[in-house]
Amino acid sequence: MDFPPPKDYSHLIFETKEDNTKWFHERGPLWQGQAFSLQIKEVLYHQKSLFQDVLVFDSEHHGKVLVLDGVIQCTERDEFSYQEMMAHIPLYAHPNPKKVLVIGGGDGGVLREIARHPGVEEIVICELDKDVIDVSKQYLPFMAKGFDDPRVKVNVMDGAKFMEENQSSFDVIITDSSDPVGPACVLFETPFYKAMHGSLREGGIICTQGECVWLHVDLIQPLVKAITPLFTTVEYAYCTIPSYPSGQIGFIIASKGGKGCKVPTRTPEASVQKELRYYTPDIHQASFVLPAFAERAIFGSDR
């Protein structure tokens, strides 16, 4: 697949005249009419990869920040909430996951969380943009340490092609994607979900980045409706994360067989739970309880 050359997002970095402080100002087509700003201490990296604009800066109050195509992907202050929920909801919902695939996730945060599961034997990642991996290893070691686990196998390639070549292979597939703009657009389309379904083993679970119920039900609802015939169960959960638009991000979670993922079949060992800062078995179940407007908008007016 051919991608257009990356755009320039330098205009999102500006310096105030009043006090000469430097800021990153996030604006985007998926959250029109609102913006989010972080004060910059130092720009650590800003280059264009083959696919996208890649920015890393040290902020005054949120630690290191990774930005792709002008959109914040993670901050050191709150990334754990997203990474933990993205990984542990499907993994603890599965009774015995042995082989896990991550699509995207080149910062390594999801890998870090998967590596907490000793029963997992193989962790495969497909990241299209090698620069994201390299930059994260250099500037974001608190997440990129996920690549250090010996069970991790890295493939710099298109995830859909990899899944086509590996049918019925994985117990859990996690798609840690950016928003549906640019190279990530295909990850929010039905054919990609068909590819995930084909690459799952029976009883397997997928978890994908599911946008925000405050902003994107017009994207979430048709996607959930389109993939419902494919999977045995399709559910929606969410977590809170201050640096994402509207302070919330969701997860589309679907199973190929089984009874759904709302109740964990396993729980973290005490030593693991002490290391986790967001995920608990209770918050696993609570994350599926949606506000009334979101439940109706995503799953139908009769709920």
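A disulfide is counted where a pair of cysteine sulfur atoms lies within 2.5 Å. By that criterion the structure, which is a predicted model, holds zero disulfides. The chain averages a pLDDT of 93, and 94% of the residues score at least 70.

**Cysteines**

- A disulfide is a covalent bond between the sulfur atoms of two cysteines.
- The sulfur of Cys261 has its closest cysteine sulfur in Cys207, at 8.6 Å, which is too far for a bond.
- For Cys239 the closest cysteine sulfur is likewise in Cys207, and the distance of 9.8 Å is too far for a bond.
- Cys261 is buried, with a relative accessibility of 1%.
- Cys239 is also buried, and its relative accessible area is 1%.

**The antiparallel sheet**

- Six strands, in the order S1-S2-S3-S4-S5-S6, make up an open sheet with antiparallel pairing.
- Its edges are formed by strand S1 (13–15) and strand S6 (71–75); each has a single partner strand, so one side of each is left without a neighbour in the sheet.
- On average, neighbouring strands of this sheet are turned by 45° against each other, direction ignored.
- Strand S2 (residues 22–26) runs antiparallel to strand S3 (residues 36–48), and five bridges join the two.
- Across this pairing, Lys22 stands opposite Ile40 in S3, and Trp23 stands opposite Gln39 in S3.
- In a regular strand the side chains alternate between the two faces of the sheet.
- S3 also pairs with S4 in the antiparallel sense, over seven bridges.
- One of the facing pairs there is Val43 with Phe57 in S4.
- Four residues lie between S3 and S4, which form a hairpin.
- Helix H3 (residues 130–139) lies across S3, strand S4 (53–59) and strand S5 (64–68), and runs at about 115° to S3.

**The mixed sheet**

- A further open sheet has seven strands in the order S9-S8-S7-S10-S11-S13-S12, with mixed pairing.
- Strand S9 (152–155) and strand S12 (233–240) are its edge strands, each pairing on one side only.
- From one strand to the next, the twist averages 15°.
- Within this sheet, strand S7 (residues 99–104) pairs with strand S10 (residues 170–176) in the parallel sense, over five bridges.
- Gly104 has Asp176 in S10 as its bridge partner.

- Val234 and Ala254 are 20 residues apart in sequence, yet their C-alpha atoms are 4.3 Å apart in space.
- Leaving aside neighbours within four places in sequence, Val234 is in contact with Val224, Ile227, Thr228, Ile252, Ile253, Ala254 and Phe299.

**Helices and what covers them**

- An α-helix has 3.6 residues a turn, so residues three or four places apart point the same way.
- In helix H10 (residues 292–299) the buried residues are Ala294, Glu295 and Ile298.
- These residues cover an arc of only 100° around the axis, which puts them on the same side of H10.
- They pack against helix H7 (217–227) and S12.
- Helix H6 (residues 190–199) has as its buried residues Phe192, Tyr193, Ala195, Met196, Gly198 and Ser199.
- Among the elements that cover the buried residues of H6 are S7, helix H5 (159–165) and S10.
- The cover of H6 also includes strand S11 (200–209), H7 and strand S13 (248–256).

**Confidence**

- Over residues 181–185 the pLDDT stays under 50, and the model has nine contacts beyond four places in sequence for this stretch.
- Where pLDDT is low, the predicted coordinates should not be read in detail.

How values were computed. Residues numbered from 1 in each chain as written. Predicted model: local features only at pLDDT ≥ 70, side-chain atom pairs only at ≥ 80, totals over all residues. Heavy atoms only, no water. Pairing = 2+ DSSP bridges. Axes fitted to C-alpha atoms, helices over the stretch in contact; angles between N-to-C directions. Buried < 20%, exposed > 50% of the residue type's maximum accessible area, 1.4 Å probe, protein only. Contact = heavy atoms within 4.5 Å. Arc of directions from axis to C-beta. pLDDT = per-residue confidence, 0-100.
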